[in-house]
Amino acid sequence: MPIRPGPPETAPPIPVALAHLPTIGGLVVPWVTPRTADGRYLLGAVDAAKTRTAIHRRLCGVCGSCLTDRLVLLLRESDLPRYASTEPGVHPHCAAYTTAACPMVAGRRSHYRASAHQIGEDAVHGADLDQRLGAPAEPWHAVWLARYTVITLHGHPAASYLLIPPLRIRPIGAAPQRSS
Ligand SMILES: [Zn+2]
């Protein structure tokens with residue numbers, strides 16, 4: 001039996017642009033989310049092939065459509081010095097939904113999950129999963145860009161803005177909760 005997540009802490013309204021995507025507990029499942037052979041979505045993991053495709057073809061990781069002349073990279077604080085993300089860029093409206101819906105990005109969870117999902121061979125965890133498991137959550141930032149260049153970071157394609165001045169960089173949500 002698939003394990004169903006509990007009810008979401010908050011389920012923001014689903015924008016029309018995301019109405020084609022599946023939902024779990026009222027939350028949109030991002031396009032880039034891997035699916036197991038028995039049909040479960042692995043929220044928090046990313047599908048390797050879709051991630052590669054999205055970064056190279058400049059598709060949005062949330063809705064799967066082409067990015068336009070305004071895109072957002074959602075980066076953890078510790079990723080900012082790399083000027084790059086190994087996860088796809090997203091539309092500004094998809095970023096707004098993600099920051100409202102994703103407990104990790106919105107800073108509503110104090111720690112990352114302590115163990116990785118069991119995932120199939122077609123899916124990968126984020127490139128830095130090993131460092132994240134069980135680690136204290138950290139602030140996220142929205143990096144607004146007009147475009148990005150594709151680089152290779154630790155063997156993974158990444159969207160880089162090293163040579164492209166961001167339009168703006170904004171911290172997201174509340175500071176992460178302190179663990180008690
Ligand atoms: Zn989108």
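This is a predicted model: local features need pLDDT of at least 70, side-chain atom pairs count only at pLDDT 80 or more; totals for chains, interfaces and linings use all residues.

Biologist: How many helices and strands does the protein chain have?
Modeller: There are 3 helices and 10 strands. Along the sequence they come as β-β-β-α-β-β-α-β-α-β-β-β-β.

Biologist: And how much of the protein chain is buried?
Modeller: Of its 180 residues, 32% are buried. As for contacts between residues at least 6 apart in sequence, 62% of them join residues at least 24 apart.

Biologist: Take the open sheet of 3 strands. What is its order?
Modeller: The order is β5-β9-β8, and the pairing is antiparallel.

Biologist: Which strands stand at the edges?
Modeller: β5 (84-85) and β8 (149-153) do. Each has a single partner strand, so one side of each lacks a neighbour in the sheet.

Biologist: How many bridges join β8 to β9?
Modeller: 5 bridges, with β9 covering residues 156-160. One example is Thr152, whose bridge partner in β9 is Pro157.

Biologist: Which helix packs on that sheet?
Modeller: Helix α1, residues 48-57, which touches β8 and β9. The direction of α1 makes about 35 degrees with that of β9.

Biologist: Staying with α1, which residues are buried?
Modeller: Lys50, Thr51, Ala54 and Ile55. They fall within an arc of 125 degrees seen down the axis of α1, so they line one face of the helix.

Biologist: Why would residues spaced like that point the same way?
Modeller: An α-helix has 3.6 residues a turn, so residues three or four places apart point the same way.

Biologist: What do the buried residues of α1 pack against?
Modeller: They pack against β3 (46-47), β8 and β9. The face turned away from the buried side carries His56 and Arg57, which are exposed.

Biologist: What comes after α1?
Modeller: Arg58 follows, with a positive phi near 60 degrees.

Biologist: New topic. How many residues are in the largest nonpolar core?
Modeller: It has 35 residues. Val62, Val72, Leu74, Val90 and Cys94 have the most contacts inside this core.

Biologist: Which elements give two or more residues to this core?
Modeller: They are β2 (27-28), α1, β4 (71-76), α2 (92-101), β7 (140-145) and β9. β4 gives the most, with 5 residues.

Biologist: And what is Val90 in contact with, leaving aside neighbours within four places in sequence?
Modeller: Its contacts are Cys60, Gly61, Val62, Leu71, Val72, Leu74, Ala95 and Thr98.

Conventions: Residues are numbered from 1 along each chain as its sequence is written. Two strands pair if DSSP finds at least two bridges between them. Helices (H or I, at least four residues) and strands (E, at least two) are DSSP runs, numbered from the N terminus. Two residues are in contact if their C-beta atoms, placed from the backbone, lie within 7 Å. Axes are lines fitted to C-alpha atoms, for helices over the stretch in contact, and angles run from 0 to 180 degrees between N-to-C directions. A residue is buried if 20 or more other C-beta atoms lie within 10 Å of its own, exposed if 12 or fewer, and partly exposed in between; C-beta atoms are placed from the backbone. A nonpolar core is a set of buried Ala, Val, Leu, Ile, Met, Phe, Trp, Tyr and Cys residues joined through C-beta atoms within 7 Å. The arc is that of the directions from the helix axis to the C-beta atoms.
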